[in-house]
Amino acid sequence: MAQVSKDMTIGEIIMVDQGVVPILLASGMHCIGCPSSQGESLEEAAMVHGMDADELLSTINEYLETK
């Protein structure tokens, strides 16, 4: 079972499972295709977007557990 961490980049997380994209979009993170997503960690992206990184991480990992 795959899991992601806050220090992984958005690009790395999407490579784990592209099904994470709708989760990120629904949370308000619409920069999936922007160049920053390739080098910005989930924690950094969450901070920039005013999100709780732990909550977003939990949602993503819960989704991955169902795979």
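Contact here means heavy atoms within 4.5 Å. Hold on to that for a minute. Residues 24 or more positions apart account for 63% of the contacts with a separation of 6 or more in this protein chain. One caution before going on: this is a predicted model.

Let's start with the overall layout. The protein chain has four helices and zero strands. Along the sequence, the pattern reads α-α-α-α. The radius of gyration is 10 Å, close to the 11 Å that the globule rule gives for 67 residues, so the chain is as compact as a globular protein of that length. The C-alpha atoms fill a box of roughly 30 × 20 × 20 Å along the principal axes.

Now, the surface. The accessible surface comes to about 3,800 Å². Carbon and sulfur atoms hold 52% of that surface. As for burial, 42% of the 67 residues are buried.

Next, the inside. In soluble globular proteins, nonpolar side chains tend to be buried together. The largest nonpolar core here has 21 residues. Which members touch the most other members? They are V4, I10, L24, M29, L42, L56 and I60. The most comes from α4, with five residues.

Take L42 from that list. Leaving out residues up to four places away in sequence, L42 touches S5, K6, M8, I10, I13, L24, L56, L57 and I60. Three of the names there, I10, L24 and L56, also sit among the core residues that touch the most other members. I60 is another of them.

Is A2 buried, partly exposed or exposed? With a relative accessible area of 34%, A2 is partly exposed, because that value falls between the 20% and 50% limits. A2 touches V16 and L64, again not counting residues up to four places away in sequence. Look also at E65. A2 and E65 are 63 residues apart along the chain, yet their C-alpha atoms are separated by 7.4 Å.

The other stop is T9, which is also found in the segment before α1. T9 counts as buried, at 13% relative accessibility. The reason is the cut-off: buried means under 20%. Which residues does T9 touch, not counting those up to four places away in sequence? The answer is a run: S37, Q38, G39, E40 and S41.

Now to charges. A search of the whole structure finds three salt bridges.

Begin with E43 and K6. Their side chains meet in a salt bridge at 3.7 Å, N to O. E43 lies in helix α3 and K6 in the segment before α1, so the pair ties together parts that are 37 residues apart in sequence. E43 is partly exposed, at 42% relative accessible area. K6 is partly exposed as well, at 24%.

K6 has another partner. The side chains of K6 and D54 meet in a salt bridge at 2.9 Å, N to O. D54 lies in helix α4, so this pair ties together parts that are 48 residues apart in sequence. D54 is partly exposed, with a relative accessible area of 45%.

The remaining pair is D17 and K67. Their side chains meet in a salt bridge at 3.7 Å, N to O. Where do these two sit? D17 is in the loop between α1 and α2, and K67 is in the segment after α4. D17 is buried, with a relative accessible area of 14%, whereas K67 is exposed, at 63%. Shared partners join K6, E43 and D54 into one network of salt bridges.

To wrap up, look at K6 once more. K6 is among the residues that L42 touches. K6 also pairs with E43 and with D54. That is the tour.

Key:
Residues are numbered from 1 along each chain as its sequence is written. This is a predicted model: local features need pLDDT of at least 70, side-chain atom pairs count only at pLDDT 80 or more; totals for chains, interfaces and linings use all residues. Side-chain values use heavy atoms; hydrogens and water are left out. A nonpolar core is a set of buried Ala, Val, Leu, Ile, Met, Phe, Trp, Tyr and Cys residues joined through side-chain atoms within 4.5 Å. Buried means under 20% relative accessible area, exposed over 50%, partly exposed in between (1.4 Å probe, protein chains only). The radius of gyration is taken over C-alpha atoms; the globule rule is 2.2 Å times the number of residues to the power 0.38. Accessible areas come from the Shrake-Rupley method with a 1.4 Å probe; for residues, only the protein chains shown count as cover. A salt bridge is a side-chain nitrogen of Lys or Arg within 4 Å of a carboxyl oxygen of Asp or Glu.
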